[in-house]
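This report walks through a two-part reading of the structure shown below. Please keep the sequence and the model in view while reading.

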Amino acid sequence: MEFLQPATWHEALEARAEHPEARPIFGGTDVMVELNFDRDRPGALLDLTRIPELSEWGEEDGMVRIGAGVSYARIIEEVGGRLPALAMASRTVGSPQIRNRGTVGGNLGTSSPAGDSLPPLYAAGAEVEVCSVRGVRRVSVEEFVRGPKRNALAGDELISAVVVPVARGPEQFSKIGTRNAMVIAVCSLAVSLDVERRKVRACIGSAGPIPIRAREAEGFIEGVLDEEGLWESRGEIGEEALGRFAELVREAARPIDDVRSTAEYRRHAVGVLARRELAWVWQEYRGGEAR
Amino acid sequence: MRLRLEVNGEVREVEGVWEGESLLYVLRERLGLYGSKNACEQGECGSCSVYLDGVLVCSCLVAAGQAEGREVVTVEGLAEGDGLHPVQEAFVEAGAVQCGFCTPGFVVATHDLLSRNPEPTDAEIREALAGNLCRCTGYEKILDAVRRAAERVRV
């Protein structure tokens, strides 16, 4: 095995092009587990922690660009005000030790259906910025994640950043697990309101091969909000509409039975989360406390 | 490969490190620092917690090469001289040490918590220590130890 430690982004891209077998590593919270357990023996490790730009984030024109090496701890601390759902999801990742090291870039690279940061990124309409010696391209996160642990990254590409529109309204993220900490999601859900564009977005995590946008549910509730003039009146969403929204989110899930849960429980739980989170974001929009 | 890093204030050089090796392995097997324990090797138990450039991490999840030129502080580096650090004393006094296997990780994580938050609430203690597992104390004594340490030290 080789240990490649480029000092600049350009060197990193060259190293990636020369060593398609190399495994990029930043926080190591996924990669080192594979190595420690002898599940993986990549030809090389490509350590990206020496490249300062990857640990930077910034805001421009209503978009937050988060370098692939920004830790969950820093997202919670520094970016949380702009991206509430991503911060909520980051808070549910592992433990302080894991949040100090793990990154959204790594979560995208691993592309696990249970990746906690993915539902908020889907709900926000985020884009993944990927680079190679051939150039830079941006891919919507929905096109980036292709299947369980599969993504659109070419052999010579590295994830440089994720670009996320600043929240345009209240957002929520919730996760079901058997403990409060150190748990892989049984299922999760992100819900966001785009107050400017009068849109509702909902994305299910860990209840399908990839995160799933609940588009029918989104369309249904947008219809209710428009027809009943609720964006203007800031009135309550009726029980029946909340229930129907939850049902449509539940129907959008494509869960399996596995060691963490039955499919049936996942489906049920996703519905419960949908009803609660929609009520919470709407309550916040109306001017009350979210919880 | 060859590695040079600062451990507990001392520059250490190590030869023949395998590229896929963890920092934990280097600390224990190559530098003889057995305080950090090797238990789960997947970041679940926290018994290998150390500071890497001042940040609390699981040393089993840091590739050795990533620590090149960095500063590591292990549980051995917390106390000055032969005495115990006040956090360590509090663990002993509260009976938070039973088999002792998880203790070094808990001590480093507690040290980190108190350095950021000298007066944590019980909920904050629980959240801060959520990455450290213990199979014998039942955690109550550990919570006592952290409260006791918080009263006594400003780390």
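Leaving aside its neighbours within four places in sequence, Ser59(B) is in contact with Ser22(B), Leu23(B), Leu24(B), Leu27(B), Cys48(B) and Val50(B), where contact means heavy atoms within 4.5 Å. Ser59(B) is found in the loop between β4 and β5 (71-73) of chain B; helices (H or I, at least four residues) and strands (E, at least two) are DSSP runs, numbered from the N terminus. At 0% relative accessibility Ser59(B) counts as buried, a word kept for residues under 20% relative accessible area, with exposed meaning over 50% and partly exposed in between (1.4 Å probe, protein chains only). The side chain of Ser59(B) also reaches the backbone oxygen of Cys48(B), at 2.8 Å.

This is a predicted model, in which local features need pLDDT of at least 70 and side-chain atom pairs count only at pLDDT 80 or more, while totals for chains, interfaces and linings use all residues. Residues are numbered from 1 along each chain as its sequence is written, chains are lettered from A and ligands numbered from 1 in the order in which they are written, and side-chain values use heavy atoms, with hydrogens and water left out.

## Where the chains meet

The contact between the chains takes 34 residues from chain B and 30 residues from chain A. Together they bury about 2,500 Å², of which 53% is on carbon and sulfur atoms; buried area is the accessible area (1.4 Å probe) that two parts lose on being put together, summed over both. In chain B, Glu19(B), Leu61(B) and Gln66(B) lose the most area to chain A, together 24% of what that side buries.

Across this interface there are 12 residue pairs in polar contact, both residues being at pLDDT 80 or more. A polar contact is a pair of N or O atoms within 3.5 Å; within protein, one must be able to donate a hydrogen and the other to accept it, and residues adjacent in sequence count only if both atoms are side-chain atoms. The elements that give two or more residues to the side of chain B that touches chain A are β3 (49-52), β4 (55-58) and α4 (122-128) of chain B, and the largest share, four residues, comes from β4(B). The residues of that side divide into 17 nonpolar, 10 polar and seven charged, where Ala, Val, Leu, Ile, Met, Phe, Trp, Tyr, Cys and Pro count as nonpolar, Asp, Glu, Lys and Arg as charged, and the others, Gly among them, as polar.

## Salt bridges

A salt bridge is a side-chain nitrogen of Lys or Arg within 4 Å of a carboxyl oxygen of Asp or Glu, and by this rule the count over all chains is 37. Between chain B and chain A the count is one. The table lists some of the pairs.

| Pair | Closest N to O |
|---|---|
| Arg91(A) and Glu127(B) | 2.7 Å |
| Glu247(A) and Arg244(A) | 2.6 Å |
| Glu89(B) and Arg152(B) | 3.7 Å |

Glu247(A) and Arg244(A) both lie in helix α11 of chain A, three residues apart, about one turn of the helix. Glu239(A) is exposed at 55% relative accessibility, whereas Arg275(A) is partly exposed at 30%. In chain A, Arg65(A), Glu127(A), Glu129(A) and Arg138(A) are linked in a network of salt bridges.

## Aromatic rings in chain A

Over all chains the structure holds four aromatic pairs; rings of Phe, Tyr and Trp (its six-membered ring) pair if their centres lie within 6.5 Å, and planes under 30 degrees apart count as stacked, over 60 as edge-to-face and the rest as tilted. The rings of Trp231(A) and Trp282(A) have centres 5.3 Å apart and planes at 75°, so this pair is edge-to-face. The pair links distant parts of the chain, with Trp231(A) in helix α10 (residues 230-233) and Trp282(A) in helix α12 (residues 263-286) of chain A, 51 residues apart. The rings of Trp282(A) and Tyr285(A), with centres 4.8 Å apart and planes at 45°, form a tilted pair. Both Trp231(A) and Trp282(A) are buried, and Trp231(A), Trp282(A) and Tyr285(A) form one aromatic cluster.
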